[in-house]
Amino acid sequence: MEELKAVLERVEEKLIAVGKIYVAMQFQVWVVIMVFYYLIIGPLKTIPWQLTAIYWTLAFGVFAYFTKIIWERIVKLHLSAGRKMESSSAFGWAITLSWISGFAVGWIAIPKYLSETFESLVALGIGYLIFISWAVFGMFLAFWHFGKRLEKEMIPAFLIPALAIPLIPKVANVAMVYAGFAVAFAFGLTALAYIYSAFKTLG
């Protein structure tokens, strides 16, 4: 019985570690997508809105497809270990709504509200950081409520962009670039935190 218990605990640890690596990969994919966007627009004197719209539409599609592939592999891994994973529709909708509401507030409401006070780049930079911090915080709450677990590793992903908001007016000329690097740093740190937790779980 003791040996069986030890084996089951080891399997549980591996499944937890895989889950953390899965989340880390999601954040890292988003960092790659975002940095690649800056590499594309860097040489351009003006950035056509059509380019931005097409790029981010395709980016969301690639991100969703990549996430689906990883999730399917995790489900298979759990099944091979005799565990069945059940996904909650309410949890999925909570994640979706957090990003939709974040988009509405960060990309639409905030820039429109701040356009009378700040330059357009500053308003967009603040809006972008609010979008990210709002959406990721919504994910954090969804994991807490539906998954019954506190994802401490996710905290930098919404806290750092939120803390960077007051600094945007001070870097008006490069507001969007600064905001992008703040998000890239936050997501990169989050990915590292998840990977560290995964290795720590495995001992």
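**Exercise 1. Work out how the lining of the second largest pocket divides into nonpolar, polar and charged residues.**

Before going on, a word on what you're looking at. This is a predicted model, where local features need pLDDT of at least 70 and side-chain atom pairs count only at pLDDT 80 or more, while totals for chains, interfaces and linings use all residues. Residues are numbered from 1 along each chain as its sequence is written, and side-chain values use heavy atoms, with hydrogens and water left out.

Next, the space itself: the second largest pocket holds about 680 Å³. Of its 23 lining residues, Y37, T52, W56, W107 and M176 are the closest to the centre. (A pocket is an open set of points on a 1 Å grid over the protein atoms alone, where a 1.4 Å probe fits, with protein on both sides within 12 Å along at least five of seven lines; lining residues have an atom within 4 Å of a point.)

Helices here are DSSP runs (H or I) of at least four residues, strands are E runs of at least two, and both are numbered from the N terminus.

**Exercise 2. Find the partner of K20 in its salt bridge and say which parts of the chain the pair ties together.**

First, the count: the structure has 1 salt bridge, meaning a side-chain nitrogen of Lys or Arg within 4 Å of a carboxyl oxygen of Asp or Glu. The partner of K20 is E153, with the closest N and O atoms 3.0 Å apart.

Now place them. K20 sits in helix α1 (residues 2–41) and E153 in the loop between α4 (120–146) and α5 (155–164), so the bridge ties together parts 133 residues apart in sequence.

K20 is buried at 15%, and E153 is buried at 11%.

**Exercise 3. Sort out the geometry of the F27 and F187 pair, then that of F103 and F131.**

Rule first: rings of Phe, Tyr and Trp (its six-membered ring) pair if their centres lie within 6.5 Å; planes under 30 degrees apart are stacked, over 60 edge-to-face, and the rest tilted. That gives 14 aromatic pairs.

F27 and F187 are 5.0 Å apart centre to centre with 90° between the planes, an edge-to-face pair. It links helix α1 (F27) to helix α6 (F187), 160 residues apart. F27 is buried at 5%, and F187 is buried at 2%.

For F103 and F131, the centres are 6.4 Å apart and the planes at 85°, so this pair is edge-to-face. F103 is in helix α3 and F131 in helix α4, 28 residues apart. Here F103 is partly exposed at 43%, whereas F131 is buried at 4%. To finish, ring pairs join W30, W99, F103, W107, Y128 and F131 into a cluster.

Note on methods:
Buried means under 20% relative accessible area, exposed over 50%, partly exposed in between (1.4 Å probe, protein chains only). Grid points are joined across faces, edges and corners, and a volume is the space filled by probe spheres set on the points. Ala, Val, Leu, Ile, Met, Phe, Trp, Tyr, Cys and Pro count as nonpolar, Asp, Glu, Lys and Arg as charged, and the others, Gly among them, as polar.
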